[in-house]
Each structure stands twice: as C-alpha cells, then as structure tokens.
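The sequence and the model are shown first, and the notes follow by topic.

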Amino acid sequence: MSSQVSSAPRRELNPRQTETVDRLLQAGTEELRAVGVEALTIRTVALRAGVSAATAYTYLASKNHLFAELFWRALISEPRVEPAGDTAVERVCSVTRRMGAMLAESPELAAGATSALLGTDPDVERLRLRIGSEFVSRFRDALGAGADDALVDALALAFSGALLQAGMGLMTYTEMGERLDAVIAAIMKGH
C-alpha cells in the first residue's frame with residue numbers, strides 16, 4: 001500500500017514527499033525500538049531519517065501523530081486473514097487474537113499508540129477514527145452478513161478497553177488476546 005494512503009498526510013504528496021514520509025516513518029520505527037516511547041522525539045527521528053527537524057514537522061505534527069501514523073500503518077499493512085472458526089465467537093476471537101499478536105510483536109509501538117490515540121491533536125483524531133473503523137470492519141467481517149450493530153459496537157468497545165488496559169501495563173498484549181476470548185463469549189452469549 002502506498003504511503004499516500006497508509007500515512008494519510010494532511011495533503012496529497014508528490015513522489016519525493018512520499019519518499020520523505022516513508023523515511024520518517026521507517027526512522028520512527030527504528031528510533032522507537034532503539035530508545036523507547038519516552039526518549040523518542042521528532043528531532044531524533046528526523047536525524048535518523050536524514051532530514052531537518054523542520055521537514056519532519058511538515059509531515060508529523062507531534063510525537064503522538066507519529067505514533068498514531070505508525071500504528072495505522074502497522075494495522076493496515078498486516079495481511080488481512082479470513083477470520084477462522086466454525087462459530088461467530090470463534091471467528092471474532094481469531095480476529096482479536098491476531099490483532100493482539102501483532103501488538104505483542106511491537107509492544108513499544110502499542111504503548112506509544114495507546115497514549116497517542118487519547119490525545120486531541122487533529123491529525124491523531126483523524127487516524128483514531130480510521131483505526132476504530134478498521135476494528136469495526138474486522139468485527140463485522142468475523143460476524144458475517146447482517147451483523148447486529150449493537151453487537152459490533154460492544155465488541156469494539158471491549159477490544160478498545162482491553163487495548164487501553166494492556167497499554168497501561170495491566171496485562172500483556174498476548175494476555176489481552178487470551179482474556180478477550182471469555183469477554184467475547186460473554187458478550188455474544190445468545191447471539
């Protein structure tokens with residue numbers, strides 16, 4: 001997927017600008033792994049990407065914006081696998097387990113994105129809506145045609161709450177996927 005879609009900058013980008021955004025996001029990923037959420041700055045990301053801080057701020061409004069962009073990119077670049085299972089509960093659990101495993105592979109990103117997505121930055125808000133829509137879409141796919149809107153909403157709220165708890169360190173992202181199995185079964189009882 002092209003950066004113009006995945007990073008969703010504030011305006012259309014030409015090929016050179018797209019390449020700059022790609023370098024910044026790659027540098028952001030590397031810097032996050034190297035120094036963690038707290039020590040990362042847009043300036044250190046710019047330095048790693050080989051661009052000026054002013055150039056970096058042209059595309060990334062803040063550290064929170066960077067984390068939200070990286071999370072969005074990780075979410076949509078992950079191969080979308082058909083939900084597995086014979087029942088709706090099994091299919092939804094397969095979706096939450098897969099997303100939990102993706103987050104467990106990059107706990108620094110997950111932790112950074114958790115706090116970032118709570119922010120009020122307009123660029124983060126735009127990405128938060130896209131991320132939430134992607135979660136809802138995956139739950140709808142797992143439930144199949146005619147999915148009940150209230151059920152999809154309950155699943156999205158449960159997943160978002162579990163993400164927040166894992167981001168706060170109350171459980172690991174792997175444990176999150178495991179604990180959601182029981183929550184999903186309880187929510188879907190009778191559906």
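A polar contact is a pair of N or O atoms within 3.5 Å; within protein, one atom must be able to donate a hydrogen and the other to accept it, and residues adjacent in sequence count only if both atoms are side-chain atoms. The model is predicted, so local features need pLDDT of at least 70 and side-chain atom pairs count only at pLDDT 80 or more, while totals for chains, interfaces and linings use all residues. Residues are numbered from 1 along each chain as its sequence is written, and side-chain values use heavy atoms, with hydrogens and water left out.

- Aspartate 121 lies in the loop between α7 (107-116) and α8; helices here are DSSP runs (H or I, at least four residues), numbered from the N terminus.
- The side chain of aspartate 121 reaches the backbone nitrogen of aspartate 123 at 2.7 Å.
- With a relative accessibility of 17%, aspartate 121 counts as buried (buried means under 20% relative accessible area, exposed over 50%, and partly exposed in between, with a 1.4 Å probe and protein chains only).
- Beyond its neighbours within four places in sequence, aspartate 121 is in contact (heavy atoms within 4.5 Å) with Ala61, Ser62 and His65.

- Two packed helices are described by the angle between their axes and the distance between the axes.
- Axes are lines fitted to C-alpha atoms, for helices over the stretch in contact, and angles run from 0 to 180 degrees between N-to-C directions.
- The axes of α5 (residues 63-77) and α8 come within 9 Å and cross at roughly 25°.
- The two helices α5 and α8 are therefore roughly parallel to each other (angles under 35 degrees count as roughly parallel, over 145 as roughly antiparallel, 65 to 115 as roughly perpendicular and the rest as oblique).
- By class, the contact of α5 with α8 has eight nonpolar, two polar and six charged residues (Ala, Val, Leu, Ile, Met, Phe, Trp, Tyr, Cys and Pro count as nonpolar, Asp, Glu, Lys and Arg as charged, and the others, Gly among them, as polar).

**Arginine 138 in α8**

- Arginine 138 is found in helix α8 and counts as buried at 6% relative accessibility.
- Its side chain makes a polar contact with the side chain of glutamate 78, at 3.1 Å.

**Helices α8 and α9**

- The axes of α8 (residues 122-143) and α9 (residues 149-167) come within 9 Å and cross at roughly 125°.
- That angle makes α8 oblique to α9, and α8 passes α9 in a right-handed crossing.
- Among the residues making this contact are Phe135, Phe139 and Leu143 of α8, with Leu155, Phe159 and Leu163 of α9.
- The contact of α8 with α9 has ten nonpolar, no polar and two charged residues.

**Two residues of α9**

- Leucine 163 is in helix α9 and counts as buried at 11% relative accessibility.
- Leaving aside neighbours within four places in sequence, leucine 163 is in contact with Leu103, Thr114, Phe135, Tyr173 and Met176.
- Serine 160 is also placed in helix α9 and is partly exposed, with a relative accessible area of 38%.

Methods:
Left-handed = near helix turned anticlockwise from the far one by under 90°.
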